[in-house]
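Please keep the sequence and the structure in view while reading.

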Amino acid sequence: MVKQHDWVAWHAAYDRPGSSLSRRLEVVREQVRRALDDLPARLPGAAPHTLVSLCAGDGRDVLPVLAEHPRRDDVRVLLVELDGALVAAAREAVDALGLTRVEVRGTDAGPVDTYLDHLPADVLLVCGVFGNVPPDDVRRTVDALPGMLADDGVVLWTRGRGGDGNEQAQVIRRRCVRAGLTEVSFTAPDDARFRVGVHRRPAGTVDAAPPAPGTRLFAFA
Ligand SMILES: C[S@@+](CC[C@H](N)C(=O)[O-])C[C@H]1O[C@@H](n2cnc3c(N)ncnc32)[C@H](O)[C@@H]1O
């Protein structure tokens with residue numbers, strides 16, 4: 001039998017100071033912080049803002065930032081993650097941080113039905129996904145992003161540079177813009193392999209609805 005990828009072991013690189021993954025974490029956290037800073041004030045009676053993280057791992061890119069942010073109780077958060085141990089770790093962190101508006105859903109994030117109830121999102125994280133799914137799935141997911149975001153909503157995504165220098169992140173950047181998103185930032189240190197993109201759905205300019213129920217955007221290869 002083929003061994004499944006050990007995603008718990010993958011997370012261990014976060015704890016190695018100076019590792020590409022630990023540096024990426026700082027960038028993603030900073031972008032999450034900025035996205036929360038930029039949320040418009042919520043009018044009384046209006047629906048809560050939403051943050052959704054697909055393939056969320058143990059949630060360490062979102063949860064500590066949210067816990068320290070003034071909007072922490074103003075945002076409805078959904079983390080979708082398949083690995084049971086990581087789901088348990090994320091739930092433990094949610095409890096430890098006293099976050100009351102965070103749901104950790106232990107399920108497959110490939111079919112949109114598993115998180116459609118939280119769309120459109122004001123903040124969407126697709127981190128650690130595009131390097132692990134086939135090119136057709138990357139294209140399908142990027143093309144669906146405008147419909148998954150609220151007006152002025154942002155998507156944070158990551159992609160590693162291949163060992164051969166192959167920069168698939170550039171393909172994703174171009175595709176995001178072709179889909180109707182505008183680039184907010186792109187972080188690509190020369191001395192690290194991680195890339196972090198942030199794209200926004202500009203209010204009123206994109207005519208895109210959330211993906212239809214039953215749609216599967218990706219499956220890990
Ligand atoms: C590269 S890690 C990224 C984790 C996290 N987003 C981060 O950047 O720290 C990929 C994650 O996707 C999860 N995963 C794999 N297939 C999945 C699926 N179909 N649905 C939800 N999560 C999945 C893995 O368990 C793993 O935690």
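The model is predicted.

**Helix α2**

- Helix α2 covers residues 20–37, which is 18 residues.
- An α-helix has 3.6 residues a turn, so residues three or four places apart point the same way.

**Aromatic pairs**

- Six aromatic pairs are found in a search of the whole structure.
- One of them joins W7 and F220: the ring centres are 5.7 Å apart and the planes stand at 80 degrees, so the pair is edge-to-face, a class that requires over 60 degrees.
- This pair links distant parts of the chain, since W7 belongs to helix α1 (residues 7–11) and F220 to the segment after β7 (194–200), 213 residues apart.
- W10 and Y14 also form an edge-to-face pair, with 5.6 Å from centre to centre and 85 degrees between the planes.
- One aromatic cluster is formed by W7, W10, Y14, F218 and F220.

**Exposure of the aromatic residues**

- F220 counts as partly exposed because its relative accessibility is 32%.
- W10 is likewise partly exposed, at 29% relative accessibility.
- Y14 has 10% relative accessibility and therefore counts as buried.

**A charge over a ring**

- R173 lies over the face of F186, at 3.9 Å from the ring centre.

Terms used
Residues are numbered from 1 along each chain as its sequence is written. This is a predicted model: local features need pLDDT of at least 70, side-chain atom pairs count only at pLDDT 80 or more; totals for chains, interfaces and linings use all residues. Side-chain values use heavy atoms; hydrogens and water are left out. Helices (H or I, at least four residues) and strands (E, at least two) are DSSP runs, numbered from the N terminus. The expected span of a helix is 1.5 Å times one less than its number of residues. Rings of Phe, Tyr and Trp (its six-membered ring) pair if their centres lie within 6.5 Å; planes under 30 degrees apart count as stacked, over 60 as edge-to-face and the rest as tilted. Buried means under 20% relative accessible area, exposed over 50%, partly exposed in between (1.4 Å probe, protein chains only). A charge sits over a ring if NZ of Lys or CZ of Arg is within 6 Å of the ring centre and within 35 degrees of the ring normal.
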